[in-house]
Amino acid sequence: MDPVADYLTIIRNAIKANHRVVNIPASNLKKEITKVLHDQGYIQNYKFEDEGPQGNIKIALKYNPETKQSAIQHIKRISKPGLRKYTHTEDLPRVLNGLGIAILSTSKGVMTSKKAKEEHIGGEVLCYVY
């Protein structure tokens, strides 16, 4: 019922199983979240494939070569279909004192809370990643 929660769960399960690459059914919101995760260094690479009716997102997960630990330690859904969480510019969340990111859906697109603070806009808090 919640495509963003399904997206986050697929990534979380792939990390627990130590998969290198994961395929996820695509949507515009999932594509934007994937771009933010790549820009922030949480995933190694991604590719949008237009196979089938909706296409797929192929994500290469990022691991530390020495410790074999994933770059994503925790990924948590915040705003849910039953209870949406919105925030103003003044109340933008900080995750782990700035070590993690909060991904927001704003009127100017999907972005991190740091970028939203720079642009002085609020929005819906989709998830926390650290």
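**Ground rules.** I am working from a predicted model, where local features need pLDDT of at least 70, side-chain atom pairs count only at pLDDT 80 or more, and totals for chains, interfaces and linings use all residues. Residues are numbered from 1 along each chain as its sequence is written, and side-chain values use heavy atoms, with hydrogens and water left out.

I looked up the strand order first. The sheet is open, has three strands in the order 1-3-2, and pairs them antiparallel. Strands here are DSSP runs of E, at least two residues, and helices are runs of H or I, at least four, numbered from the N terminus. Pairing takes at least two DSSP bridges between two strands. Strand 1 (21-25) and strand 2 (43-49) are the edges; each has a single partner strand, so one side of each lacks a neighbour in the sheet. I noted an average twist of 20 degrees from one strand to the next. Angles run from 0 to 180 degrees between N-to-C directions, with axes fitted to C-alpha atoms, for helices over the stretch in contact.

**Strands 1 and 3.** I found five bridges between strand 1 and strand 3 (residues 56-61), which run antiparallel. Val22 has Ile59 of strand 3 as its bridge partner.

**Helices.** Helix 1 (residues 3-16) packs on the sheet and touches strand 1 and strand 3, at about 165 degrees to strand 1. Contact means heavy atoms within 4.5 Å. Helix 2 (residues 28-39) lies across strand 1, strand 2 and strand 3, at about 155 degrees to strand 2.

**Tyr86.** I placed Tyr86 in strand 5 (residues 86-87). Tyr86 is exposed, at 60% relative accessible area; exposed means over 50%, buried under 20%, partly exposed in between (1.4 Å probe, protein chains only). Leaving out residues up to four places away in sequence, Tyr86 touches Gly123 and Glu124.
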